[in-house]
Amino acid sequence: SSFGTGTDYDKFGIFYDAVVKKIQAAGAKVIVVTPAAIGERNDYSNSQDGDLNMYSNWIRKYASDRSLGLVDLRKTFHDYSVANNPKNEEQGILTYDRVHLNAKGNALVAEQMWNAIK
């Protein structure tokens, strides 16, 4: 269940765009990133998968519309879970508690980020 700690979807794009424009105004190149995971089940049965997919789709379209770099951690983590989580465990593959990354999760993120910036 959601505890209302995130940003409402209708406000998300406005805030996101404002942050990106501020970064660009400072002269920096922007690479956007989709949210990785909250729960590691690979069949989209984690309680927040719907929200994460919705925000990820928005970020993908935003990046495409503005020709920004994209690190699609949502897709990367899902693909990794499909390949490496045959028991559909909720945690312990790339996270130690459904959210915080373990060593493998950190290495996967680092590899994806490095590929985008090198």
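Predicted model: local features only at pLDDT ≥ 70, side-chain atom pairs only at ≥ 80, totals over all residues.
**Entry 1: ground rules**

Helices here are DSSP runs of H or I with at least four residues, numbered from the N terminus.

**Entry 2: helix 2, overall**

I looked up the extent of helix 2 to begin with. Helix 2 runs over residues 49-65, which makes 17 residues. From first C-alpha to last I get 24 Å, close to the 24 Å expected at 1.5 Å a residue.

Next I asked myself which residues of helix 2 are buried. The list is Asp49, Leu52, Tyr55, Ser56, Ile59, Tyr62 and Ala63. They sit on the same side of helix 2, because they cover an arc of only 155° around the axis. A reminder to myself: an α-helix has 3.6 residues a turn, so residues three or four places apart point the same way. On the other side of helix 2 I find Gly50, Lys61 and Ser64, which are exposed.

What covers the buried residues of helix 2? The cover includes helix 1 (9-25), strand 1 (31-33), strand 2 (69-71) and helix 3 (73-84).

**Entry 3: the cores**

I went on to the nonpolar clusters. The largest nonpolar core has 10 residues, namely Phe12, Tyr16, Val20, Val30, Val32, Tyr55, Ile59, Tyr62, Ala63 and Leu68. Helix 1 and helix 2 are the elements that give two or more residues to this core. Helix 2 gives the most, with 4 residues.

Setting aside neighbours within four places in sequence, I find Ala63 in contact with Val32, Leu68, Gly69 and Leu70. There is also a second, separate core of 9 residues, and Ala37, Val71, Ile93 and Val109 are among them.

**Entry 4: Ser56**

I stopped at Ser56, which lies in helix 2. Is Ser56 buried or exposed? Its relative accessible area is 0%, so Ser56 counts as buried, given that the cut-off for buried is under 20%. Apart from neighbours within four places in sequence, Ser56 is in contact with Thr34, Pro35 and Arg74. Arg74 comes back in the next entry.

I turned to charges. The structure holds 9 salt bridges, and I went through some of them. The general idea is that side chains of opposite charge can pair when their charged atoms come close.

Arg74 and Asp49 meet through their side chains in a salt bridge, at 2.9 Å from N to O.

**Entry 5: pairs inside a helix**

Where do Asp65 and Lys61 sit relative to each other? They are 4 residues apart in helix 2, so about one helical turn separates them. I have Asp65 down as partly exposed, at 47%, and Lys61 as exposed, at 52% relative accessibility. The exposed cut-off is over 50%.

Over in helix 1, I looked up Lys21 and Asp17. The closest N and O atoms of their salt bridge are 2.8 Å apart. Both residues lie in helix 1, 4 residues apart, about one turn of the helix. Asp17 is buried, with a relative accessible area of 15%. I also noted that Asp17, Lys21 and Arg66 are linked in a network of salt bridges.

**Entry 6: positive phi**

Last, I checked backbone angles. Which residue just after helix 2 takes a positive phi? I land on Ser67, with a phi of about 55°. I flagged this as a positive value in a residue other than glycine. Ser67 is found in the loop between helix 2 and strand 2, and at 69% relative accessibility I count Ser67 as exposed.

I have Asn88 on the list too, with phi near 55°, again positive in a residue other than glycine. Asn88 lies in the loop between helix 3 and helix 4 (103-117).

Note on methods. Residues numbered from 1 in each chain as written. Heavy atoms only, no water. Expected span 1.5 Å × (residues − 1). Buried < 20%, exposed > 50% of the residue type's maximum accessible area, 1.4 Å probe, protein only. Arc of directions from axis to C-beta. Contact = heavy atoms within 4.5 Å. Core = buried A, V, L, I, M, F, W, Y, C linked by side-chain atoms within 4.5 Å. Salt bridge = Lys/Arg side-chain N within 4 Å of Asp/Glu carboxyl O.
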